[in-house]
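Here's a quick tour of one model, written for someone who likes geometry with the cut-offs spelled out. Have a look at the structure, then read on.

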Amino acid sequence: MKFQKALLIVDVQNDFCPGGALGVPEGDKIVSVINKYIRVFAKNKWPIFATRDWHPARTRHFKDFGGAWPAHCIQNSRGAAFHQDLKLPKKVVLLYKGMDPEEDAYSAFSARDLSGQGLFDLFKKMGIKEIYIAGLAADYCVKFTAIDALKSGFKIKILMDAIKGVNLKPRDSEEAIKKITKMGAKKVKLEDLKKN
Ligand code: VGL
Ligand code: ZN
């Protein structure tokens, strides 16, 4: 079956929500909005993908081993689990990223499904041309995913009401959005989708 659009939900995990190891301010606030996008996509039978940051305990991604971040989203830990209110449909395609201890793996295009297939191959096989991106964090994973997608010729819609940033520097998310919109991404909100 060929599809046109897909929803890509990036790293909506406990460790990226307030109280988590790398809590994104208000990261949990987007969950109910993402659930609404999920309903729209499911109703239209458009495919839905969800990534999880999925690190080994020892990785150069973590401060203790030379990286930038406190330990987070360690494989099979509570922190790596999806936020409990996220209502993923049964047919969601689950992907995992950050397993290589040498890589940050911010982009969802470094993620693989359980059979080892990457996102590019999955999108190509399913005929997906346009990706609606939601999730955490706006200034890392969402940003690098959008950049990779745009470079590969996908159309990108950034779901402005369904992303939140870490903002190590206060304007990081704003600048990330500016950069990806300059590259061709379009900003979208739930109301816009319901108009179609
Ligand atoms: C992320 C920082 C560290 C992300 C992952 O998913 O945006 N950010 N690891
Ligand atoms: Zn990470």
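Is Ala105 buried or exposed? At 12% relative accessibility, Ala105 counts as buried, where buried means under 20% relative accessible area, exposed over 50% and partly exposed in between (1.4 Å probe, protein chains only). Before going further: this is a predicted model, so local features need pLDDT of at least 70, side-chain atom pairs count only at pLDDT 80 or more, and totals for chains, interfaces and linings use all residues. Residues are numbered from 1 along each chain as its sequence is written, chains are lettered from A and ligands numbered from 1 in the order in which they are written, and side-chain values use heavy atoms, with hydrogens and water left out.

Ala105 sits in the loop between S3 and H2; helices (H or I, at least four residues) and strands (E, at least two) are DSSP runs, numbered from the N terminus. Although Ala105 is not a glycine, its phi is positive, at about 55°. Lys45 also has a positive phi without being a glycine, near 60°. You'll find Lys45 in the loop between helix H1 (31-43) and S2, and at 62% relative accessibility Lys45 counts as exposed.

There's a cis peptide bond too: it joins Leu136 and Ala137, with omega about -10°. Ala137 belongs to the loop between strand S4 (130-136) and H3.

Lys90, in the loop between strand S2 (48-53) and S3, is exposed at 87% relative accessibility.

**Rings**

Rings of Phe, Tyr and Trp (its six-membered ring) pair if their centres lie within 6.5 Å; planes under 30 degrees apart count as stacked, over 60 as edge-to-face and the rest as tilted. By that rule there are 12 aromatic pairs. Two of them are worked out here.

| Pair | Centre to centre | Angle between planes | Type |
|---|---|---|---|
| Tyr106 and Tyr140 | 5.3 Å | 50° | tilted |
| Phe109 and Phe120 | 4.2 Å | 25° | stacked |

Tyr106 lies in the loop between strand S3 (93-97) and helix H2 (119-126), and Tyr140 in helix H3 (residues 138-151), so this pair ties together parts 34 residues apart in sequence. Both Tyr106 and Tyr140 are buried. For the other pair, Phe109 is in the loop between S3 and H2 while Phe120 is in helix H2, so parts 11 residues apart in sequence are tied together. Phe109 is buried, with a relative accessible area of 10%, whereas Phe120 is partly exposed at 33%. Ring pairs also link Phe49, Phe109, Phe120, Phe123 and Phe154 into a cluster.

One charge deserves a mention: Lys5 lies over the face of Trp46, 5.3 Å from the ring centre. That label requires NZ of Lys or CZ of Arg within 6 Å of the ring centre and within 35 degrees of the ring normal.

**Helix packing**

H3 and helix H4 (residues 172-182) pack at an angle of about 5°, with their axes 10 Å apart. Axes are lines fitted to C-alpha atoms, for helices over the stretch in contact, and angles run from 0 to 180 degrees between N-to-C directions. H3 and H4 are therefore roughly parallel (angles under 35 degrees; over 145 is roughly antiparallel, 65 to 115 roughly perpendicular and the rest oblique).

Which residues meet there, in H3 and in H4? From H3 come Ala138, Asp139, Tyr140, Lys143, Ala146, Ile147 and Leu150, and from H4 Asp172, Ser173, Ala176, Lys179 and Ile180, contact meaning heavy atoms within 4.5 Å. The residues of this contact divide into seven nonpolar, one polar and four charged; Ala, Val, Leu, Ile, Met, Phe, Trp, Tyr, Cys and Pro count as nonpolar, Asp, Glu, Lys and Arg as charged, and the others, Gly among them, as polar.
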